[in-house]
Amino acid sequence: MNGNLLIFSGRESKNLAEKMAKHLEMPLGNLEVKRHSDGEVWCKYHQNIRGATVAIVQSTNPPAENLMELLVAIDAAKRASAAKIFAIIPYFGYARQDRKPEPRVSITAKLVANLLTTAGADRIITIDLHASQIQGFFDIPVDHVYASKELLPYWSKYPIDTVAAPDVGAVKMARAWAKRLNAELIIIDKRRPKDNEAEILNIIGNPSGKNILIVDDMIDTGGSFVGTVKALKEKDANKIYGSVVHAVLSGKAIEAIENSPIEKLVVTDTIKKEITSEKIEVISLAKLLAEVTNNAFSNKSISSMFDSEEMKK
Ligand code: R5P
């Protein structure tokens with residue numbers, strides 16, 4: 001199907017890349033990734049990649065070796081004369097440090113953008129960045145795509161009458177979802193008294209008796225999400241659901257979700273995670289990523305795959 005497109009993966013995103021390769025009707029390329037005895041990352045392409053467009057799939061969530069594997073694989077591809085290198089980053093980690101909220105801290109999102117570009121990436125394909133402006137941290141093309149293409153059809157079968165943004169950062173996303181689901185919008189006024197702690201101060205909108213879908217780009221400790229579920233329930237919400245793209249799920253997040261009055265949470269497979277919870281369902285974004293990769297390779301439009309509301313987020 002794609003003469004000169006080759007797809008490879010680091011270890012974090014291997015399952016997702018295998019599914020993408022199936023959709024692209026091509027084998028997943030033979031990239032060996034291993035560690036030396038001291039832990040250093042080593043990569044080797046066991047096939048000719050000269051003149052090819054090499055697509056490397058790897059999310060950059062911790063541990064830092066995930067990012068390192070991607071950088072080393074890009075460098076190896078460049079040195080093996082790949083014509084173009086696409087870094088396909090389903091979950092772009094280190095994105096939350098995207099500005100200086102206090103003195104003497106790093107902007108890691110920009111640092112990672114610099115590292116990827118310096119390593120030799122020609123194009124970035126990524127899903128639901130924590131903040132859309134991170135696209136501008138790169139001076140190479142970034143195809144920023146939205147999981148809502150897969151998630152919205154799923155939720156359109158549910159009787160959702162209200163969409164909730166768990167903080168102001170999620171308002172644009174929630175507004176787009178509310179428009180598509182013909183639902184009302186609720187905004188949560190959240191503060192972070194400390195790192196990894198969420199405090200719900202106010203609810204803007206009326207949750208009473210409503211079937212509410214909470215949408216967000218990621219769920220990490222689950223503090224924002226579970227806090228929102230509880231606050232909505234205290235204000236007499238009827239059924240509460242969640243749709244979150246990146247399942248970081250650190251610490252006791254899964255336990256907290258299970259113990260909360262949520263009906264169901266849907267996440268995607270941008271991050272490799274063993275999830276055995278009756279309340280959490282995982283939807284694969286392999287088909288979406290495969291189509292986007294193929295369109296980028298064939299110089300076809302990517303924006304035309306999405307409706308205009310999604311692209312405005
Ligand atoms: C915040 O801006 C993000 O969109 C998420 O709401 C947040 O990062 C989730 O973190 P946690 O699950 O630890 O509250």
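Start at the ligand: one of its oxygen atoms sits 2.5 Å from an N or O atom in the side chain of Thr221. That makes it a polar contact, meaning a pair of N or O atoms within 3.5 Å. Keep in mind that this is a predicted model, where local features need pLDDT of at least 70, side-chain atom pairs count only at pLDDT 80 or more, and totals for chains, interfaces and linings use all residues. Numbering runs from 1 along each chain as its sequence is written, and side-chain values use heavy atoms, with hydrogens and water left out.

Here are the ligand's contacts side by side, each to an oxygen atom of the ligand.

| Residue | Part with the N or O atom | Distance |
|---|---|---|
| Thr221 | side chain | 2.5 Å |
| Asp220 | backbone | 2.8 Å |
| Arg192 | side chain | 3.2 Å |

Taken alone, the ligand exposes 380 Å², and the protein buries 92% of that (areas by the Shrake-Rupley method with a 1.4 Å probe). Around the ligand there are 14 residues, and Asp216, Asp217, Thr221, Gly222 and Ser224 come nearest; "around" here means a heavy atom within 4 Å.

Now for the pockets. A pocket is an open set of points on a 1 Å grid over the protein atoms alone, where a 1.4 Å probe fits, with protein on both sides within 12 Å along at least five of seven lines; lining residues have an atom within 4 Å of a point. The largest pocket holds about 1,600 Å³ of space, a volume being the space filled by probe spheres set on the points. It has 49 lining residues, with Arg96, Arg99, His130, Asp167 and Arg192 closest to its centre. Helix 5 (171-181), strand 9 (184-191), strand 11 (212-219) and helix 6 (223-234) each give two or more residues to that lining. By type, the lining splits into 19 nonpolar, 14 polar and 16 charged residues.

Helix 1 gives the most, with three residues.

Technical notes. Helices (H or I, at least four residues) and strands (E, at least two) are DSSP runs, numbered from the N terminus. Ala, Val, Leu, Ile, Met, Phe, Trp, Tyr, Cys and Pro count as nonpolar, Asp, Glu, Lys and Arg as charged, and the others, Gly among them, as polar. A polar contact is a pair of N or O atoms within 3.5 Å; within protein, one must be able to donate a hydrogen and the other to accept it, and residues adjacent in sequence count only if both atoms are side-chain atoms.
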